[in-house]
Amino acid sequence: MEDMLGRPRTSGFSISVSVLIKYMLREQRLLFVLIGFAVPALVFNVFHVSTSSRIKHVSVAESWQSTELSRIPRRIAYELPEVMNRAGKVPLGLKRKRLRVVVTGGAGFVGSHLVDRLLERGDSVIVVDNFFTGRKENLLHQLKNPRFELIRHDVVEPILLEVDQIYHLACPASPVHYKFNPVKTIKTNVVGTLNMLGLAKRVGARFLLTSTSEVYGDPLQHPQVETYWGNVNPIGVRSCYDEGKRVAETLTMDYHRGLNIEVRIARIFNTYGPRMCLDDGRVVSNFVAQALRKEPLTVYGDGKQTRSFQFVSDLVEGLMRLMEGDHVGPFNLGNPGEFTMLELAQVVQDTIDRNAKIEYRPNTEDDPHMRKPDISKAKKLLGWEPMVSLRDGLPQMVSDFRQRLFGDEKEAI
Ligand SMILES: NC(=O)c1ccc[n+]([C@@H]2O[C@H](COP(=O)([O-])OP(=O)(O)OC[C@H]3O[C@@H](n4cnc5c(N)ncnc54)[C@H](O)[C@@H]3O)[C@@H](O)[C@H]2O)c1
């Protein structure tokens, strides 16, 4: 379109836009307008973030019950004290937040000692156990504690609990027990671990798996370092346990890598102490019960195969450090002191009965020849190492066994 003089006609709108642009470009007005937008946006963002994080932390600390809150990842609980102190909201020196912890297999030997420690430090503990090898007697002393709950449940079935941490121990640990129903053992290790990882994912809890030195099988490397992949028979009578735990480790790592779940893996070496099952076929409990009953100590093979023996309080300390620390693992938790079966028999004789006899029997299938943890990683990253020697730990176990075998109250620990 042209005007009467033949010049191209400009619309009123385009004139005002070009005037506006020229006006804005003069004297850096555009810059001031942009700053005008940026400053309020920045203020809003900073204010919004700090308010919402404060709401989350305060709410999580006050209540786990509301439906809204069940969507907030529980790992916030770990950040709580640090954030609060930094922000100066809570006076320094206040105790750590009390956690809600589930211990699967908590009625068993290791689990019941772990429960005692967790309750002692002020946490609330829920034990989930099907009592296959665990006993209510291991937890009788806690039944009246208001922060303690005991649920009879098989981990092969899913369960929903509002917790911050999951210590997953449920699994028979002695060969006698895990070979009793091998299909159930592998189901416990695979389906049970899947269920507990599913729970960790759903409620945002941190998950710790108690794996085993058996993942190294009959090791070709000695002592065993965490980077060693093992020498395991996949079709042997122990495989339900060894391979079950290996799969459990795999699942744990896949949930961690793929779903960002906070996990920890402990590879536990032979552990002994009060509350072990009396006749579970594990060498320390066997020897102690036999010596107390005045029976010969049964040594399988030539007795030269070696094991390391860790006292249960050392293991529990290691598990708690692992759970609270920043490292996924796996970590070997065991006592590197190495004993042959015959040396162990000697310590038992010295502690209980110097005249106890030794009886040799043929070795069992797939029994590893030697087992000794390299614990350098746990020493360095968890600041952990065993404190209790066999000669100090054994008498505590002996007095517990004596009390259970003969009801000798005076001797009980
Ligand atoms: N004690 C050791 O020397 C040793 C060594 C290596 C690894 N571990 C691991 O440590 C954990 C605890 O071992 P422990 O010596 O206390 O054994 P344990 O047999 O005394 O305890 C295991 C507990 O798990 C429970 N349980 C088993 N199957 C279950 C299921 N399907 N559902 C619910 N509960 C179930 C049992 O009733 C028992 O209370 C196990 O995972 C074991 O593999 C122990």
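Helices (H or I, at least four residues) and strands (E, at least two) are DSSP runs, numbered from the N terminus.

## Model and numbering

This is a predicted model, in which local features need pLDDT of at least 70, side-chain atom pairs count only at pLDDT 80 or more, and totals for chains, interfaces and linings use all residues. Residues are numbered from 1 along each chain as its sequence is written.

## Ligand shell

The shell around the ligand holds 29 residues, and Gly105, Gly108, Thr133, Gly134 and Ala173 come nearest (a residue is near a molecule if its C-beta atom, placed from the backbone, lies within 6 Å of it). Two or more residues of this shell come from each of helix 4 (109-120), helix 6 (182-203) and strand 5 (206-212). Helix 4 contributes the most, with 3 residues.

By type, the shell contains 13 nonpolar, 14 polar and 2 charged residues. Here Ala, Val, Leu, Ile, Met, Phe, Trp, Tyr, Cys and Pro count as nonpolar, Asp, Glu, Lys and Arg as charged, and the others, Gly among them, as polar.

Seven strands form an open sheet with parallel pairing, in the order 3-2-1-4-5-6-11; two strands pair if DSSP finds at least two bridges between them. Strand 3 (148-152) and strand 11 (331-333) are the edge strands, each pairing on one side only. On average, neighbouring strands of this sheet are turned by 20° against each other, direction ignored. Axes are lines fitted to C-alpha atoms, for helices over the stretch in contact, and angles run from 0 to 180 degrees between N-to-C directions.

Strand 1 (residues 100-104) pairs with strand 2 (residues 124-129) in the parallel sense over 5 bridges. Thr104 has Val128 of strand 2 as its bridge partner, and Val103 stands opposite Val127 in strand 2. Because 5 of the 5 residues of strand 1 are buried, strand 1 is largely enclosed by the rest of the structure (buried: 20 or more other C-beta atoms, placed from the backbone, within 10 Å of the residue's own). Arg100, Val102 and Thr104 point one way from the strand, Val101 and Val103 the other way.

## Helices on the sheet

Helix 6 lies across strand 1, strand 4 (165-168) and strand 5, at about 170° to strand 4. Helix 7 (residues 239-259) packs on the sheet and touches strand 5 and strand 6 (263-268), its direction making about 155° with that of strand 5.

Phe207 touches residues including Ile166, Met196, Leu197, Thr252 and Val263, not counting residues up to four places away in sequence; contact requires C-beta atoms, placed from the backbone, within 7 Å.

Notes:
Two residues are in contact if their C-beta atoms, placed from the backbone, lie within 7 Å. A residue is buried if 20 or more other C-beta atoms lie within 10 Å of its own, exposed if 12 or fewer, and partly exposed in between; C-beta atoms are placed from the backbone.
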